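Open the model in your viewer and keep the sequence panel beside it. The stops below tell you what to select and what is there.

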Amino acid sequence: MEETLLKLVDKSKKEISAASTIATLNSIFLNIFGQSGTLMKITKELKHLSEEEKPKIGALINRYKKELENAIKKKKARIIEQETKVDIDVTIPGIRPPLGHLHLVTQAILQISRIFEKIGFTRVRYPEIDWEWYSFESLNMTKDSPARDDFETFFIEADPHPKFGKMVLSPHTSSGQVREMERVGSPPIRMINIAKCYRPNWDISHTPMFHQFEGLVIDKSINITHLKGTFDYFARVFFGPKRKIRLRPFHFQFTEPSFEVDITCGVCDGKGCKLCKEGWLELGGSGMVHPNVLKAGKIDPNIYTGYAFGWGIERTYMMKEGLKIEDLRLLYSNDTRFLDQF
Ligand code: DAH
């Protein structure tokens, strides 16, 4: 009996170690432990043994049972481990994490800052929440000036200041003009103020938050040729040598004379097309600083003169050659399929 048992266990162990699938192991298990399995058959034989042998063989059967059960369990675990194991090949090139880049408005701000810094302008920023006085009065726009309606300003709900008036979300970067005069004290001043501006508009060419860059140059004997020369330089570097700038007479409260600045259309080269209509695209406003603005900044208009300009960053960037963005709001929709292209 002992011998039969030993042979059986030996044979089973060999089968277990040769098995390569879970299904084979399951059937080996049944062959041993099933109702009519080999080990069960032997267990049934126990009753024919002598009282002496019974406990001895019984104990042996229990030992083998445990051994075989364990062998099957271990083998199953090894098969599962092998099936789920991922081979790592360290020579395969890795997966590069996607690289981000600066938002195109940030890129434009950096480019514009560099172009002006090269000719001696100092980049500054002033508060996005400012007083009415810096946004309007200091710029020669009185309380009842209808021009103020154009700015459709966001007002902050707070008690007004006795001198500076209400607080507003800065509607243009011109509010930095007198702040810069106060900071520098006496000319020369060469400021490039780039900041966020706010007006309640939302359509294909407007977002309620946008950016402007404001130039201000004040010194002795500054005149319109300096203004025009600076714009020509900017246009050449930012847009390329083919594009031309023109000044068109206009009216702003804070400059005298005032101009709208146009640039030849990059699509039709100034001939006239669907985008520009007559060959020109409007960049923004400019002019010679009004004496009252100089006075508000405590600068003597009899000694100093200056020029100023304020243009939208997004607008100006859109006028680069080959760029045709049909809806400006796309810039702020955070859609990486759009942003990835720049
Ligand atoms: N602040 C004006 C606006 O937002 C733009 C502007 C016009 C700025 C003429 C200037 C200027 O500095 O001289 O519409």
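Select Tyr307 and Phe309. Both residues are buried, where buried means under 20% relative accessible area, exposed means over 50%, and partly exposed lies in between (1.4 Å probe, protein chains only). Their rings form a stacked aromatic pair, 6.5 Å centre to centre with 20° between the planes. The pairing rule takes rings of Phe, Tyr and Trp (its six-membered ring) with centres within 6.5 Å; planes under 30 degrees apart count as stacked, over 60 as edge-to-face and the rest as tilted. By this rule the count comes to 24 aromatic pairs.

A note on the source: this is a predicted model, in which local features need pLDDT of at least 70 and side-chain atom pairs count only at pLDDT 80 or more, while totals for chains, interfaces and linings use all residues. Residues are numbered from 1 along each chain as its sequence is written, and side-chain values use heavy atoms, with hydrogens and water left out.

Now widen the selection. Tyr307 and Phe309 belong to one aromatic cluster, which also includes Phe116, Phe121, Phe213, Phe231, Phe234, Phe238, Phe239, Trp311 and Tyr317.

Select Trp133 and Lys163: the charged end of Lys163 sits over the ring of Trp133, 4.7 Å from its centre. Then select Trp202 and Arg329: here the charged end of Arg329 sits over the ring, 5.1 Å from its centre. The test asks for NZ of Lys or CZ of Arg within 6 Å of the ring centre and within 35 degrees of the ring normal.

Where do you find Pro188? Pro188 lies in the loop between helix 7 (176-184) and strand 4 (189-198). Helices (H or I, at least four residues) and strands (E, at least two) are DSSP runs, numbered from the N terminus. The peptide bond from Pro187 to Pro188 is cis, with omega near 10°. Another cis bond joins Glu256 and Pro257, with omega about -5°. Pro257 is found in strand 7 (residues 255-264).

Select Asp269, in the loop between strand 7 and strand 8 (280-289). Asp269 is not a glycine, yet its phi is positive, about 65°. Asp269 is partly exposed, at 39% relative accessible area. Go on to Lys298, in the loop between helix 9 (291-296) and strand 9 (305-312). Its phi is near 60°, again positive in a residue other than glycine. Lys298 counts as exposed, at 74% relative accessibility.

Now the cavity. To see its lining, select Tyr126, Pro127, Ser170, His172, Thr173, Ser175, Asn193, Ala195 and Lys196. On a 1 Å grid over the protein atoms alone, a cavity is a set of points where a 1.4 Å probe fits but cannot get out; lining residues have an atom within 4 Å of a point.

Finally, zoom out. The domain assignment gives domain 1 (2-84) and domain 2 (104-339). Their centres, taken over C-alpha atoms, are 90 Å apart. Thr142 sits in the loop between helix 6 (132-135) and strand 3 (167-169).

Key. 1 Å grid on protein atoms, 1.4 Å probe; cavity = no way out; pocket = protein on both sides within 12 Å on 5 of 7 lines; lining within 4 Å. Domains from an automatic or database assignment.
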